[in-house]
Amino acid sequence: SVLLSKWLEGKVGDLGTTRLVDPRRQSRMTKAPGTVDFMPPEALAAGDNVRYGRELDVFSFGCVMLHTLSHEWPTPSVAVVMNPTTFEMKARSEVERRSSYFAKIDGRSRSGVLIPLIESCLSNIPKNRTSI
């Protein structure tokens with residue numbers, strides 16, 4: 001979760017005690033907390049065995065920043081593409097999967113460190129993600 005201070009500084013927080021309430025169900029905890037479009041590939045691949053840590057929060061923070069700056073929900077496109085000549089399948093990076101949203105960020109927001117920061121947050125390799 002991303003929290004804002006009174007000075008509007010973003011803070012990544014873990015709201016692990018947050019629950020979805022459905023009075024008709026015995027259990028009130030979700031199996032895989034998080035918004036699917038904001039979850040990193042390793043969390044989706046792990047299913048119920050996902051281990052939450054800083055790298056997952058950083059990835060989600062990058063998605064929130066992309067959503068905020070593009071003014072659109074950053075739903076990723078397909079994860080694998082096929083070369084029409086060789087018929088080989090190639091995995092796409094998370095930045096490639098969200099490239100159309102980067103194009104929608106206005107010029108003022110594109111300057112400086114924001115785009116490289118978002119790209120770093122969205123790295124497919126967890127240990128390569130930026131530290132927050």
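Helix 2 passes helix 6 in a left-handed crossing; left-handed means that the near helix is turned anticlockwise from the far one by less than a right angle. The model is predicted: local features need pLDDT of at least 70, side-chain atom pairs count only at pLDDT 80 or more, and totals for chains, interfaces and linings use all residues. Residues are numbered from 1 along each chain as its sequence is written, and side-chain values use heavy atoms, without hydrogens and water.

**Helix 2 against helix 6**

- Two packed helices are described by the angle between their axes and the distance between the axes.
- Helix 2 covers residues 54-70 and helix 6 covers residues 114-121.
- Their axes come within 8 Å and cross at roughly 140°.
- Axes here are lines fitted to C-alpha atoms, for helices over the stretch in contact, and angles run from 0 to 180 degrees between N-to-C directions.
- Helix 2 and helix 6 are therefore oblique to each other; angles under 35 degrees count as roughly parallel, over 145 as roughly antiparallel, 65 to 115 as roughly perpendicular, and the rest as oblique.
- Helix 2 brings Val58, Phe59, Phe61, Gly62, Met65, Leu66 and Leu69 to the contact, and helix 6 brings Leu114, Leu117, Ile118 and Cys121.
- Contact means heavy atoms within 4.5 Å.
- The residues of this contact divide into 10 nonpolar, one polar and no charged.
- In this scheme Ala, Val, Leu, Ile, Met, Phe, Trp, Tyr, Cys and Pro are nonpolar, Asp, Glu, Lys and Arg are charged, and the others, Gly among them, are polar.

**Chain overview**

- The protein chain has six helices and four strands.
- From the N terminus on, the order is β-β-α-α-β-β-α-α-α-α.
- Helices (H or I, at least four residues) and strands (E, at least two) are DSSP runs, numbered from the N terminus.
- The chain has 132 residues, and 26% of them count as buried.
- Buried means under 20% relative accessible area, exposed over 50%, and partly exposed in between, with a 1.4 Å probe and protein chains only.
- The chain exposes about 9,100 Å², with carbon and sulfur atoms supplying 56% of that area.
- Among contacts between residues at least 6 apart in sequence, 50% join residues at least 24 apart.

**Positive phi in loops**

- Histidine 71 sits in the loop between helix 2 and strand 3 (80-82).
- Its phi is near 65°, a positive value in a residue other than glycine.
- Histidine 71 counts as exposed, at 67% relative accessibility.
- Phenylalanine 87 belongs to the loop between strand 3 and strand 4 (89-91).
- Phi of phenylalanine 87 is near 60°, again positive in a residue other than glycine.
- Phenylalanine 87 is exposed, with a relative accessible area of 56%.

**Links across the sequence**

- Serine 123 lies in the segment after helix 6 and counts as buried at 16% relative accessibility.
- Not counting residues up to four places away in sequence, serine 123 touches Phe59, Asn128 and Arg129.
- Threonine 35 is in the loop between strand 2 (10-12) and helix 1 (41-46), and is partly exposed at 38%.
- Threonine 35 and serine 60 are 25 residues apart in sequence, with 8.8 Å from C-alpha to C-alpha.
- Valine 95 lies in helix 3 (residues 94-97) and is partly exposed at 22% relative accessibility.
- The C-alpha atoms of valine 95 and serine 120 are separated by 9.0 Å, across 25 residues of chain.
- Valine 95 touches Phe102, Glu119 and Leu122, not counting residues up to four places away in sequence.

Notes. Areas by Shrake-Rupley, 256 points an atom, 1.4 Å probe, with all protein chains shown as cover.
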